[in-house]
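Let's take a friendly walk through this model, looking at its side chains and the partners they keep. Have the coordinates open as you read.

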Amino acid sequence: MSKCCPLCKQDNQCQVESGACWCMQRTIPLDLLSLLPEEQRGVACICPNCVTAFEQDSKAFIKSLELDA
């Protein structure tokens, strides 16, 4: 599994192989997951920074992704 967040390209801090990843303790918004291309859903891990940024201001977060594209 990739250690790179598909949205910001930074370390996603994935620890799923250890069985105790941070994402198992947190609900990832479905609207955020829907931003991933279909082939990355259920495969690529979004980082906690992107989850927090999306939760704080989803519109600004989406706009920042468009600027980076």
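One aromatic pair turns up when the whole structure is searched. Its members are Phe54 and Phe61, whose ring centres are 6.0 Å apart and whose planes meet at 90°, so the arrangement is edge-to-face. Both of these phenylalanines are buried.

Before going further, a word on confidence: this is a predicted model. The mean pLDDT of the protein is 88, and 94% of the residues reach at least 70. Among the elements, helix 2 has the highest mean pLDDT, at 96, while helix 3 (residues 58–68) has the lowest, at 87.

Phe54 sits in helix 2. Why does Phe54 count as buried? Its relative accessible area is 8%, and the cut-off for buried is under 20%. Beyond its neighbours within four places in sequence, Phe54 is in contact with Pro29, Asp31, Leu32, Leu35, Phe61 and Ile62. Take Pro29 as an example: Phe54 and Pro29 are 25 residues apart in sequence, yet their C-alpha atoms are 8.4 Å apart in space.

**The two sides of helix 2**

Which residues of helix 2 (residues 48–56) are buried? They are Pro48, Cys50, Val51 and Phe54.

**Salt bridges**

How many salt bridges does a search of the whole structure find? There are two, and the table puts them next to each other.

| Salt bridge | N to O distance | Relative accessibility of each partner |
|---|---|---|
| Glu55 – Arg26 | 2.8 Å | Glu55 44%, Arg26 27% |
| Arg41 – Glu38 | 3.2 Å | Arg41 38%, Glu38 58% |

In the pair formed by Arg41 and Glu38, Arg41 counts as partly exposed because its relative accessible area is 38%, whereas Glu38, at 58%, counts as exposed.

**A buried asparagine**

Let's finish with Asn12, which is placed in the segment before helix 1. Is Asn12 buried or exposed? Asn12 has 0% relative accessibility and therefore counts as buried. A polar atom of the Asn12 side chain lies 2.9 Å from the backbone nitrogen of Cys14. Setting aside neighbours within four places in sequence, the contacts of Asn12 are Ser2, Lys3, Cys4, Cys5, Trp22, Cys45, Ile46, Cys47 and Pro48. Pro48, one of these contacts, is also one of the buried residues of helix 2.

Technical notes:
Residues numbered from 1 in each chain as written. Predicted model: local features only at pLDDT ≥ 70, side-chain atom pairs only at ≥ 80, totals over all residues. Heavy atoms only, no water. Buried < 20%, exposed > 50% of the residue type's maximum accessible area, 1.4 Å probe, protein only. Helix = DSSP H or I, 4+ residues; strand = E, 2+ residues; numbered from the N terminus. pLDDT = per-residue confidence, 0-100. Salt bridge = Lys/Arg side-chain N within 4 Å of Asp/Glu carboxyl O. Contact = heavy atoms within 4.5 Å. Polar contact = N/O pair within 3.5 Å; in protein donor to acceptor, adjacent residues only side chain to side chain. Phe/Tyr/Trp six-rings, centres within 6.5 Å; stacked < 30°, edge-to-face > 60°.
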